[in-house]
Amino acid sequence: MKKPAIRLAALLASSALLLSACGSGGGGGGTATEGAGGGTAGSGGGQTIGLALSTLNNPFFVSLRDGAQAAADDAGAKLTVTDARDDATQQADQIANFQTQQLDAVIINPVDSDAAGPIVSPLIAAKTPVVAVDRAVNGAEVNSFVASDNVEGGKLAAQALATAIGEKGEIIVLQGVAGTSASRERGQGFTEGIKEFPNIKVVATQPADFDRAQGLDVATNLLQANPNVVGIFAENDEMALGAVQALGARAGKDVFVVGFDATEDAQAAIKAGTMYASIAQQPEELGKAAVEAALKLIGGEQVDKTISVPVVAVTKEDL
């Protein structure tokens, strides 16, 4: 994914240092259990890791997969990747197959954080290391959770949107998939951040499931019902780009849109002026950090319970 040239370049350097520190073990984030029986040594190569993704129909998760694959290749490990197509039942079957294959570790990006607990519990009971990435697992204690700081990202989105609309006016929010930690935390951060601007009113909030087509449909309906809206926050760029489509010529002129992920398409829209800003994550770094944590766990090393990857607001000036 193309990176913003100014602040994100500095972010990459600083986060590399942070991730290195987080992965060193013995940090303040708590310790994880040791690797499973039957796993090969963490430093010898030949380890087998399963990566269960919620979807590959999203550029963000494609980049996450690529980062994970690069880290596995560097370590001489074998990475098996599955695509649940946003179906929690399908993801459950894929995780069960990983256990049948006796993989040394499993990384899960849950379709549904609540459904993920029962899905990974058999792995945890078998002492197979489990790492969650981007979205948390509820109802089960995984070895480590690698994620962007979504709450902080939501606050940055609120600040960016407030700046775009002159700190006043009516706005709407497009939410992600219900039950995912990413949607919940981004929404939490945005709600906290927008409270700092008493002249901004959220007039409608509705899920569009992190999907561009749904973003288009939901935004179209909400804009018709709320004709005075001047701003839209979407909890990912796919929904934000759908909202831009719904706005047509009004995008970036009468109504300002802020997304989350800073995907290549979103950056193009920001450059064109139809999107105001997006919150840049580093999906490749998320994938890389998740694999590195899994490898340490396989080798019996300790890793932090939570490994955070920083985020930054990206506007036209940063591209």
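In this predicted model, the largest cavity holds about 70 Å³ of space. The count of cavities of 30 Å³ or more comes to one. Its lining is formed by Asn58, Phe60, Phe61, Asp134, Arg135, Ala182, Arg186, Phe210, Asn236, Asp261 and Gln281. Two elements, helix H2 (59-75) and helix H6 (181-194), each give two or more residues to the lining of the largest cavity. By residue class, the lining of the largest cavity comprises four nonpolar, three polar and four charged residues. Both domain 1 (48-146 + 284-306) and domain 2 (150-280) contribute to the lining of the largest cavity, with at least three residues from each.

**The chain as a whole**

The chain contains 10 helices and 12 strands. It has 319 residues, of which 52% count as buried. Among contacts in the chain with a separation of 6 or more, 76% are between residues 24 or more positions apart. The accessible surface of the chain comes to about 12500 Å², and carbon and sulfur atoms account for 49% of that surface.

**Two residues in their surroundings**

The table sets out a C-alpha to C-alpha distance for each of two residues.

| Residue pair | Separation in sequence | C-alpha to C-alpha distance |
|---|---|---|
| Leucine 286 and phenylalanine 61 | 225 residues | 9.8 Å |
| Aspartate 83 and leucine 51 | 32 residues | 8.9 Å |

Leucine 286 belongs to helix H10 (residues 283-298). Is this residue, leucine 286, buried or exposed? Leucine 286 is classed as buried because its relative accessible area is 0%, and the cut-off for that class is under 20%. Beyond its neighbours within four places in sequence, leucine 286 is in contact with Phe60, Leu64, Val133, Asp134, Val146, Ala147, Ser148, Gln281 and Val309.

Aspartate 83 is part of strand S2 (residues 78-83). Aspartate 83 counts as partly exposed because its relative accessibility is 22%, and that class lies between the limits of under 20% for buried and over 50% for exposed. With residues up to four places away in sequence left out, aspartate 83 touches Leu53, Ser54, Thr55, Leu56, Gln90 and Gln94.

Definitions and conventions: Residues numbered from 1 in each chain as written. Predicted model: local features only at pLDDT ≥ 70, side-chain atom pairs only at ≥ 80, totals over all residues. Heavy atoms only, no water. 1 Å grid on protein atoms, 1.4 Å probe; cavity = no way out; pocket = protein on both sides within 12 Å on 5 of 7 lines; lining within 4 Å. Points joined across faces, edges and corners; volume = space filled by probe spheres on them. Helix = DSSP H or I, 4+ residues; strand = E, 2+ residues; numbered from the N terminus. Nonpolar A, V, L, I, M, F, W, Y, C, P; charged D, E, K, R; others polar. Domains from an automatic or database assignment. Buried < 20%, exposed > 50% of the residue type's maximum accessible area, 1.4 Å probe, protein only. Contact = heavy atoms within 4.5 Å. Areas by Shrake-Rupley, 256 points an atom, 1.4 Å probe, with all protein chains shown as cover.
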